[in-house]
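Reader: I am new to this structure and would like to learn how to read its contacts. Could you walk me through a few?

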Amino acid sequence: MYRLAFLFFLIMNVAVSLPAQNYDAAMKSAGMVDIAEIVPDVVIDLMYAGKDNFVGEDMYGTLKKAYIHPEAAAGLAKAQTALRKEYPGYSLKVCDAARPISVQRKMWNKVKGTPKSKYVSNPTRGGGQHNFGLAVDITIIDENGNELPMGTPVDHLGYESNIDSETSLVKQGKISEQERQNRLLLRKVMRAGGFSALRTEWWHFNFKSRAVARSRYKLLDF
């Protein structure tokens, strides 16, 4: 009985660990790089490797590494340098980066037919920049490891996350002026790294446009 229980334990642990091993191998095979190896002082905390996200589910299993295209990784290093130059105690915090199209499909299936669908790239239309390793979801932490207040949490799918409504949001009392300034700081340093902001999500930044991503880069098709 003990041997059977032990065998079951081994099988279950292998089954649980396989997705992370496969994702690691697949990411490297696709030419992605581990952000922690390129920019070691950036904090990594993948929100889809847990349940604290808009889906409410763990999408990545035990995978904890954040991968990205090498060109975007170089840009991220520049953004971190720009931030540290202005605020030496601050650091960028990556909440998501390269995302396999299989995970994109899971996300889409959760939101299609709902108001949240406008925030998620439809995988049947070729995927978004995350699916090419050319986008990051990111914020800033202070010298104590606390996220700077941005008016909403990362992954808040709502009007309050729009970057083109921030002046109005301050006037309405939806976000504070300091929170608006923190968003401006994030956009400033990310621009220094060659990234552009997304109108509806203050935390999302693209290294290339969707058209360029689809025409010149390889989809993470696994």
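Reader: Leaving aside neighbours within four places in sequence, which residues is His130 in contact with?

Author: Welcome! This is a predicted model, in which local features need pLDDT of at least 70, side-chain atom pairs count only at pLDDT 80 or more, and totals for chains, interfaces and linings use all residues. Residues are numbered from 1 along each chain as its sequence is written, and side-chain values use heavy atoms, with hydrogens and water left out. Contact means heavy atoms within 4.5 Å. For His130, the partners are Asp96, Ala97, Ala98, Arg99, Ala135, Val136, Asp137, His204 and Leu220.

Reader: Is His130 buried or exposed?

Author: Buried means under 20% relative accessible area, exposed over 50%, and partly exposed in between (1.4 Å probe, protein chains only). His130 has 5%, so the residue counts as buried.

Reader: Which side chains does His130 join by polar contacts?

Author: A polar contact is a pair of N or O atoms within 3.5 Å; within protein, one must be able to donate a hydrogen and the other to accept it, and residues adjacent in sequence count only if both atoms are side-chain atoms. The His130 side chain meets that of Asp137 at 3.2 Å and that of His204 at 3.4 Å.

Reader: With which residue does Asp137 form a salt bridge?

Author: A salt bridge is a side-chain nitrogen of Lys or Arg within 4 Å of a carboxyl oxygen of Asp or Glu. Asp137 pairs with Arg99, their closest N and O atoms being 3.8 Å apart. Asp137 is buried at 3%, and Arg99 is buried at 5%.
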